[in-house]
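Work through the following exercises with the structure at hand, and compare each step with the solution given.

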Amino acid sequence: MNLREAPCGVCGVISDKKCASCHGIFYCGVKHQKEDWKNHKKSCPPYIVECDENVGRFLVASRNLKFGDVILKEQPLIIGPSQVTAPVCLGCLQEIQQESAKKCSRCGWPMCSDDCEKSTNHSAECKLTEARGGITIEHFIAPHPIYQCILTLRCLLLKDTSPEKWEKLSQLESHTELRKKTPQWFSDCESVGKFIPKFFHCENVWTEEEVMRILGIVYINGHEVPLTEPPYVAIYSTASLFEHSCCANVAKSFTDRGEVVFWAAQDVKKGQRLSICYSDALWGSQARQEHLKQTKMFKCACERCQDFTEFATNFSAIKCEAFRKITDPACGGLLLPDDDWTNTWKCRECPRNVVWEDIQKILEKAGGDLIKMKESVEEAKKFISCYSNVIPENHSMMCDIKCVLGQKIGEGDPEQLRKIPDDLLEMKAHLCNEMLTLLRILAPAENRSHGCMHFELHAALAEMARRGVQRGQDCTDLLEKSLIHAEEATKWLEKEPTILVEGKICAQAKVNADSLKMAFRMRDLSSV
C-alpha cells in the first residue's frame, strides 16, 4: 500500500479514492461514501486552504453551503485585554473597580477573586511578574498604558508554555515591514517593543524585533470578543485565514465559552472564496478604507470598494445641493469621487467639482451632530430633517440614525410599544423595512443588524395587528408577516451567545413566534 491508498472508511478495502473536500478519508466507491456522509460530515471541513501572492493563504468552499451552515468553530490560541483599556481582571478579563480589586498574592496584578488569581489565563505572566519583584496598579479610571503589553506578552510566553500553539501563532501574518512605515510603529516600539524586555528583565530572552513581530500578529489577527465589559481580544489560528470583503459572505458569532463560529450568511457555491468583513460594513467607504489601512495595512479592492456608488445605493455620496449657492440652478445630482475618496468629488448631473477638504468639513459636522442626536427619538428625527438636503436617504449616517430610530421607537417592554401613536409605529415599520433592504445589498453578513431589524419589524407589525383587531379589522396578513420576521430574527441570531443582548432577542423571538403559531392553530381549529 502506497501513500495514495488507504483502507475504505466503511469496509476497510484498500482504495485510492478519497473525500474531495478534506482528502482525509478514503472510500472504495460512491456507495460507501454516501453511506458514511452523515458521520463524516461532522468532521469534514467545508473549506480548503489555497494561496496566492496577493492575499497569501485564504479559504475556499469545498462544497455547496446553505445559509446557516457552520463553516468553522474554533477555540482561541490566546486571549487578553485590548490595547487600550482601564484595568481589568487578568483572569476573567472583566472590568475591575479599585474598591473591589484584589491584588494577586504572588505578583500584585489586580484581580477580581481568588479563583481568577488561580486562572490558567494569568499563570504565565504571574510567574514572570513575580520574578521581577511584582507590580502595583494605582489608577483604575482611565486607560492604563501597561495593559497594552499583556496580550503580546502572553503570546511570547506561549513559546515555552505551549509550543504547539506558538507554532500556529508564528505562522500568522504580522506585516512588520509595512508597519515600520507608520507613525504608530515608533510609539509601539517605546510602549511595547522596548518596554516588555526591560520591565520584565528579559533582555536576553526576547529582542525588540521579536516583540514587535508578535505585536503585529496581535494587531493583524486579533478578534474583539464582546463577552466581557470591556470586550477582550482573542487570536485564532484557522479563523485568521478568512479573507476580507466589505460585502462578505460569512458571518461571525461567538459561543458563551469564547469559541468563534463562522457560518454561511448566504448560499455559497463550491469554489467560492469565503470572506468576512474586517471593518464595519455599515461605515462609509472612506471610513472603512482608512480603518483597514491603519489596522490591517492594506487597501481594500473588493467589489463594493471598487464601485463608488456602492451598488447604486450611494451610501457615501453627498448631495450637490449642499454646495449650491442661491444663484445656482437647482441640481438633484450627487457628488462622488472618480478615483480616490480624498481627491476631488464630482457631481453626476452638473459640472460642479468639490475638493475633499470641503467634503470633509460637512462629514465632520454631520458626524458630530449624529453622535449628539442619537439620544432620543425626537433628536434622531431632527437629524433626518436637518440633513435631508445634504446627504441622500441611503447615506451611511442616515442608515445609522435610522437603525437607532427603528430600535428606539417603542424601546423597552411591549407596553412601551402600545403607548406610541400610530404615525410613529408606521415610521418604525417603514424604517426597519428600509434598513433590511439596504442590509441585503451592502452588508449580507452583518447578522446582528439583520436579526435585530427583523425583530423590531416583527414587533411593530404585531402591534399594528393588535390595534387593527381592536378596530374590527382582519389583520391576518399583518400577523403572518410578523411571524415571518420573528422567524427570520431567530435564524439570524440563533448562533449569538445567550449572555449578549442579541442572544436574548433571539430567545424572545422564538417565544413570540411560538405564540403566533399557537394563535394561528387555535384560529384554524375554531373554524373547523
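**Exercise 1.** Determine whether Trp-492 is buried or exposed, and describe its ring pairing with Phe-67.

*Solution.* Trp-492 has a relative accessible area of 7% and is therefore buried, where buried means under 20%, exposed over 50% and partly exposed in between, for a 1.4 Å probe and protein chains only. Phe-67, at 30%, is partly exposed. This is a predicted model, in which local features need pLDDT of at least 70 and side-chain atom pairs count only at pLDDT 80 or more, while totals for chains, interfaces and linings use all residues. Residues are numbered from 1 along each chain as its sequence is written, and side-chain values use heavy atoms, with hydrogens and water left out.

Next, the structure holds 12 aromatic pairs, counted when ring centres of Phe, Tyr or Trp (its six-membered ring) lie within 6.5 Å, with planes under 30 degrees apart called stacked, over 60 edge-to-face and the rest tilted. The rings of Phe-67 and Trp-492 have centres 4.9 Å apart and planes at 75°, so the pair is edge-to-face. Because Phe-67 lies in the loop between strand S6 (56-61) and strand S7 (70-74), and Trp-492 in helix H18 (residues 476-493), the pair ties together parts 425 residues apart in sequence; helices (H or I, at least four residues) and strands (E, at least two) are DSSP runs numbered from the N terminus.

**Exercise 2.** Locate Met-373 and list what it touches.

*Solution.* Met-373 is found in the loop between helix H12 (356-372) and helix H13 (377-387), and is buried at 11% relative accessible area. Leaving aside residues up to four places away in sequence, Met-373 touches Glu-379, Ala-380, Lys-382, Phe-383 and Ile-401, contact meaning heavy atoms within 4.5 Å.
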